[in-house]
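I opened this notebook to keep track of what I looked up, entry by entry. The questions come as they occurred to me.

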Number of protein chains: 2
Amino acid sequence: MFLINFRSIINLVKMKKKSKITNMYDVANKANVSHMTVSRVFNYPKLVSKKTKEKIIKISNDLNYKPNLIAKSMRTNKTNTIGLVLPNIINPFFPEIVKGVDDYCRKHHYGVIIVNTEDIYKNQVIALEMLFERKIDGMLNIPSGRNDDKKIINDIIINRKIPMVLIDRYISDINCSYVSTNNFKAAYDATNYLIKLGHKKIGVISLPHKSHIIHNRLLGYKQSLKINNLPYNKNYIKEYKESIKNGYTATGKILTDNNDTTAILAMCDFMAFGVYKYCKENKVNIPHDLSIISIDNVFASALINPPLTTMAQQKYKMGYIASEILIDSIKKNTLPKKQITLDAVLMERESCKSIC
Amino acid sequence: MFLINFRSIINLVKMKKKSKITNMYDVANKANVSHMTVSRVFNYPKLVSKKTKEKIIKISNDLNYKPNLIAKSMRTNKTNTIGLVLPNIINPFFPEIVKGVDDYCRKHHYGVIIVNTEDIYKNQVIALEMLFERKIDGMLNIPSGRNDDKKIINDIIINRKIPMVLIDRYISDINCSYVSTNNFKAAYDATNYLIKLGHKKIGVISLPHKSHIIHNRLLGYKQSLKINNLPYNKNYIKEYKESIKNGYTATGKILTDNNDTTAILAMCDFMAFGVYKYCKENKVNIPHDLSIISIDNVFASALINPPLTTMAQQKYKMGYIASEILIDSIKKNTLPKKQITLDAVLMERESCKSIC
DNA sequence: GTGAAAGCGCTAACAT
DNA sequence: ATGTTAGCGCTTTCAC
């Protein structure tokens, strides 16, 4: 009764203004220890005696105490948060990457701040500054393929030694890691598949190849022709920006320019959807009159009629592995350099027919 | 030589440790003012003389200074960050909501921490605790419809007075705001549309209606029948969990139980995709033999053949408005209570036929 | 095994 | 109009 609980007094003094959310001092006060002992329970539990530890854990639970990660960040310079910048969350290609990122990060107690840039330069700048101000530990970036991105990424992220992993699209000469599909092999395998089915006149619906991606896919296509002793003829290749409408236009171009075409390789599923549209309107039967293979395996590909045969990019895995590389290098306090490519996987459905 | 090398190493280590990111004091020193003046330039610029302000802004730019939002949060108890919890980013229904959220938040300088729960209870708990520890100012939640969610949301978020806005799905008796589709009206309008086309025997592919959503849609369907003096017969309603396969099964059930069925209302697009699959396999022509309308307007709906007529939920707007309500109440320091419902919009495509 | 003191970068409150 | 002081809740460092 006469004993004065000094610890309580000390802690109460330190608490001063009573904040409504439980903090370390509340727990320490109730456990009659210093706040440092509470801190150790959460960060270096081995340094605390079993008895004290158990008491503190119980009290923490009773008071519903959770450490304030913002305060922790102040001291440690680590927020356990990463940024994820992507061009367009509506495009069904990206959500699977997001899921892979989310899965890995949740498991490792990292938060993910997501920003959708719409491929607009201003949004990219806002996004990067926002993420820097929030002191993210690292960044995942699915770049837009615009040229001015590189400078701003260097200025705001790379030059400040923030680790970055690019996903899907590459930016040359930038100090970071990179995870993508093996695009050469994807197109090579797709073309080989058509050739094995007996196709010799294969049209290609391509995209503007400022990016390495399309460049490599085109190389894969050519290499497959070469290996199979088939001639390369660039009249069979039509290049438009990615959209269903442009896929439609490209199909018309290919078929009128080359009326012996028996198959089309579309560089992405969206362009393939345009092929379907053209074929429906022009009474071309898929796969009877025209075989079509594509690269991506977006969600809708299995739903359309006939289901689209496509080279599935491992989108989930790309997100997962990119997160792994990033968080690894955050923990090791190094800048990541790894370059990883994943093979696309043939999803054999019903849009290709053997003509042997 | 050895001595020099040894010393260089020590210096490099020291420098590395010393190398830090520009802060307020760096700017203040260079400008020959106190750090408070710098702070005012960024927070209350009117309180600083024009001359000083300009000098500080110039120096800030020169030194590439950006305020540290983590440190700011320590004092202000505001992180300018919100949480976004959703069940499944792969489901094409959700990314459009995310885009709406992202757009509003970017404009208002809020960061969004996203978590995908997969409808798994444990993930939901991890997500909420993670967001609480990071001191989010508010939360957007697209709940899973699981019953145990309510308690955990109350424990971790609501009881700590963190503002929350639910999107799409409602949880009864919880102190928060709510933005959703007017589900009664969506089904009512869809049914009316079919009836106007001459349909009298309308099957319904429903979902388990633990949630208010399906309950209200069913009420809308019934009300439309009533208003049009058509009988209600529950044999025409089949209820399964949401999946393409179950949509397939349900279609079979409806058509064999009621061979006079001329139209089907699917409670969501995924179930409608199952109808398409069934019809393709069983040589039922859409819309010639069977009309189909649905609710959602997911991305793939326009791609399938024939394009699906569906009541489009305003997903982007839901996300945008929910963010607006949340950030509004954060700024006013109140808990949001608003309940908003948005009308679904008829997307008339080619899956319904007049039989008048 | 545990505690005291210092301070991360910022802002609120008060002082000049 | 500008400066001084005192923390926000935590971890690092050093002391015992």
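Which helices of chain A and chain B each supply at least two residues of the surface near DNA strand C? I found α3 (35-43) and α5 of chain A, together with α3 (35-43) and α5 (69-76) of chain B, where helices (H or I, at least four residues) and strands (E, at least two) are DSSP runs numbered from the N terminus.

Before going on, I noted that this is a predicted model, in which local features need pLDDT of at least 70, side-chain atom pairs count only at pLDDT 80 or more, and totals for chains, interfaces and linings use all residues. Residues are numbered from 1 along each chain as its sequence is written, while chains are lettered from A and ligands numbered from 1 in the order in which they are written.

Entry on confidence. I read pLDDT as the predictor's confidence in each residue, from 0 to 100; chain A has a mean of 93, and 94% of its residues reach 70 or more. Over residues 15-19 of chain A the pLDDT is below 50, and this stretch has 1 contact in the model beyond near neighbours in sequence, a contact being two residues whose C-beta atoms, placed from the backbone, lie within 7 Å. Where pLDDT is low, the predicted coordinates should not be read in detail.

Entry on the chain contact. I found that 43 residues from chain A and 43 residues from chain B take part. On the side of chain A that touches chain B, α5 (69-76), α6 (93-107), β2 (111-116), α7 (121-133) and α12 (269-281) each supply at least two residues.

Entry on two residues. Asp103(A) is found in helix α6 of chain A and is partly exposed because it has 17 C-beta neighbours inside 10 Å, partly exposed falling between buried (20 or more other C-beta atoms within 10 Å) and exposed (12 or fewer). Tyr232(A), in the loop between α10 (212-227) and β7 (237-239) of chain A, is exposed, with 12 other C-beta atoms within 10 Å.
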